[in-house]
Amino acid sequence: MNYLDDIIAKIATENPVHGKKLRKNIGKQSQEYKDKANEFFSTYISFAKKTDKDLDYGIACYLRMLADVNQEYIAFLETGEYTTKSFEDANRRVYNNPEVMEYYMHGLLMSQYLWVHHNDIYKFFVGNITKHKTEVSNYLEIGAGHGMYISEATKLLSDTTSFDVVDISPTSLEISKSFIEKQDINYMLSDIYEYEPSEKYDFITMGEVLEHVEDPISLLKCVSGLLKDSGTLFITAPANAPAIDHIYLFKNAEDIRDVITAAGLTITKEYAEFVEDVSPEIAEQYKIALMYGAFLKKQ
Ligand SMILES: C[S@@+](CC[C@H](N)C(=O)[O-])C[C@H]1O[C@@H](n2cnc3c(N)ncnc32)[C@H](O)[C@@H]1O
């Protein structure tokens, strides 16, 4: 079933400019990419069905998320700042607002195959995590959102690995529980700053959370405190990427690397790409978003 073409056609009806952009970006991808995307959307449909939703619901959520991003981007170009100024704001506006969190997480899930850069960073994670298979007896994901990363980790790591999720949003935990096939995962509703596990972790994933706090160095130090000395931390964070719950503005990859070093961590492998196919000069001029991901160790 060709879900991808169908989805893009429906998006183009509502937003022709964006539809054209998706057609161009997806059109350049390999058949393997398109097959995987169709497989993913088939999984999405089964997941959505569990709560009486369908692919059209996912498309509507994606369009709402996109409208938010566009509005935030206009404000960002005008002011050079993100509109959300504090964690309290983000918590009230998004994480503890079930209606917003619901369409945001469904929209984000849809974007994992509609936005090639989201997929690239996901592939970077998937392609490297298996190297850690034998060392990971326990695994924590912080801010799982929709659950896609930990869902993949449960398939790629050992059967004996134990999996924990911490998220501050009840809606996010509900969505993750429904999206992830594996049943025996411990879900904890908590601010990561208040989480006190009985044991430190071999592997921690924290995708797109660093830009959601006021002080990313203190967050990384807190997370490093949850990691065993031999453990690995995988993080992703975008630069110049306005969104309704982004607080801390990283202006480039160097800003993110500086925060990592200041928190006492070292980069063992990294990914950094602009989301548009432009030169670094043009990206800087137009504040084009950059996706950053890295595997980290304690120094
Ligand atoms: C943008 S989503 C990230 C989803 C997914 N990890 C990804 O990479 O696409 C951010 C998630 O972090 C959670 N979050 C934000 N601040 C948090 C905090 N201080 N403690 C725990 N979870 C937090 C939010 O509730 C949300 O589920």
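Q: What classes of residue make up the shell around the ligand?
A: The shell has 9 nonpolar, 7 polar and 3 charged residues. Here Ala, Val, Leu, Ile, Met, Phe, Trp, Tyr, Cys and Pro count as nonpolar, Asp, Glu, Lys and Arg as charged, and the others, Gly among them, as polar.

Q: And what kind of model is this?
A: This is a predicted model, where local features need pLDDT of at least 70, side-chain atom pairs count only at pLDDT 80 or more, and totals for chains, interfaces and linings use all residues. Residues are numbered from 1 along each chain as its sequence is written.

Q: Back to the ligand: which residues come nearest?
A: Gly143, Gly145, Ser169, Ser172 and Gly207 come nearest, out of 19 residues around the ligand. To be near, a residue needs its C-beta atom, placed from the backbone, within 6 Å of the molecule.

Q: How is the chain divided?
A: Into domain 1 (3-114) and domain 2 (116-298), with bounds from an automatic or database domain assignment. Their C-alpha centres lie 19 Å apart.

Q: How many residues are in contact between the two?
A: 33 residues of domain 1 are in contact with 25 residues of domain 2, contact being C-beta atoms, placed from the backbone, within 7 Å. H6 gives the most to the domain 1 side, with 9 residues. Helices are DSSP runs of H or I with at least four residues, strands are runs of E with at least two, and both are numbered from the N terminus.

Q: What is Tyr139 in contact with?
A: Setting aside neighbours within four places in sequence, Tyr139 is in contact with Ala153, Leu157, Thr161, Phe163, Tyr201, Asp202 and Phe203. Ala153 is also one of the buried residues of helix H8 (residues 148-156).

Q: Switching to H11, which residues are buried there?
A: Ile256, Val259 and Ile260.

Q: What do they pack against?
A: Helix H10 (216-224) and strands S5 (227-239), S6 (265-274) and S7 (290-298). Just after H11, Gly264 takes a positive phi of about 85°.

Conventions
A residue is buried if 20 or more other C-beta atoms lie within 10 Å of its own, exposed if 12 or fewer, and partly exposed in between; C-beta atoms are placed from the backbone.
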